[in-house]
Amino acid sequence: MRLIVGISGASGVIMGYYMLKALKQIPDMEIHLVVTEGAAKTFEYETDLTMGEVTFLADVVHNNKNMAANISSGSFKTDGMIIIPCSMKTVSGIASGFATNLLLRAADVCIKEGRKVVLVPREMPMSRIHLRNTEKAAEYGCIIVPPVLTFYNGSNSVEKQIQHIIGKILMQFGVEYKEFIAWEGAE
């Protein structure tokens with residue numbers, strides 16, 4: 001399996017790091033990573049991680065300014081893309097087809113090729129503009145997975161909440177994640 005992971009400059013870049021860690025555990029998973037300039041800054045503000053620690057988890061790291069990267073072409077086959085977190089600027093670019101950087105171009109390619117694109121929007125509250133852009137992205141085939149808190153599974157820490165979100169995202173690609181606790185039903 002070959003997936004593209006995009007990390008944009010929204011708050012919550014740690015979720016992108018957790019996604020990379022989860023994907024790294026999957027046998028035969030090829031991870032292509034694009035980190036925006038804003039995301040690199042947000043890592044500095046929100047974590048103690050170095051960019052080296054983040055990029056180490058990917059098989060291929062692409063410069064967001066390199067519009068000639070292999071992931072910018074539909075002839076380079078992937079199983080889809082995850083943008084986690086996904087800023088409203090990124091959602092807007094996807095919704096309008098305004099592919100001015102590699103992250104947006106890779107998403108645009110996945111959409112045009114009918115490949116799965118999962119967006120993890122990190123904004124609240126959402127304005128009507130944000131909602132409209134998110135709806136447009138969904139109409140174009142993107143799957144929207146907001147990082148919503150879950151309590152039925154005993155997720156009593158931020159890390160467990162993130163693990164649940166990662167599991168929900170990976171379900172979209174048919175990938176089981178050992179840290180994910182599914183709802184078992186009630187009597």
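User: Quick one to start: is Tyr-18 buried or exposed?
Analyst: Tyr-18 is buried, with a relative accessible area of 14%. Keep in mind that this is a predicted model.

User: OK. And how many aromatic pairs turn up in the whole structure?
Analyst: The search finds 2 aromatic pairs. One of them joins Tyr-17 and Tyr-18 edge-to-face, with 6.3 Å centre to centre and 85 degrees between the planes.

User: What about Tyr-17, buried or exposed?
Analyst: Tyr-17 counts as buried, at 16% relative accessibility.

User: Which residue lies over the face of Tyr-18?
Analyst: That's Lys-21, at 4.9 Å from the ring centre.

User: And the pair with Trp-183, what's its geometry?
Analyst: Trp-183 pairs with Tyr-152, edge-to-face again, at 5.3 Å centre to centre and 80 degrees between the planes. Tyr-152 is in the loop between β6 (143-144) and α7 (158-171), while Trp-183 is in the segment after α7, so the pair ties together parts 31 residues apart in sequence.

User: How accessible are those two?
Analyst: Tyr-152 is partly exposed at 41% relative accessibility, and Trp-183 is exposed at 53%.

User: Which residues of α6 are buried, and where do they sit around the axis?
Analyst: His-130, Asn-133, Thr-134 and Ala-137 are buried. Seen down the axis of α6, the buried residues fall within an arc of 100 degrees, so they line one face of the helix.

User: What do they pack against?
Analyst: The buried residues of α6 pack against α4 (88-96), β5 (116-121) and β6. On the face turned away from that buried side, α6 carries the exposed residues Arg-128 and Glu-139.

User: What follows α6?
Analyst: Gly-141 follows α6, with a positive phi near 110 degrees.

User: Last topic, salt bridges. How many?
Analyst: The structure holds 6. Among them is Arg-105 with Asp-108, at 3.3 Å, N to O. Both residues lie in helix α5 (residues 102-112), 3 residues apart, about one turn of the helix.

User: Which partner does Glu-113 have?
Analyst: Glu-113 meets Lys-112 in a salt bridge of 2.7 Å, N to O. Glu-113 is partly exposed, with a relative accessible area of 36%.

Note on methods
Residues numbered from 1 in each chain as written. Predicted model: local features only at pLDDT ≥ 70, side-chain atom pairs only at ≥ 80, totals over all residues. Heavy atoms only, no water. Phe/Tyr/Trp six-rings, centres within 6.5 Å; stacked < 30°, edge-to-face > 60°. Buried < 20%, exposed > 50% of the residue type's maximum accessible area, 1.4 Å probe, protein only. Helix = DSSP H or I, 4+ residues; strand = E, 2+ residues; numbered from the N terminus. Lys NZ or Arg CZ within 6 Å of the ring centre and 35° of its normal. Arc of directions from axis to C-beta. Contact = heavy atoms within 4.5 Å. Salt bridge = Lys/Arg side-chain N within 4 Å of Asp/Glu carboxyl O.
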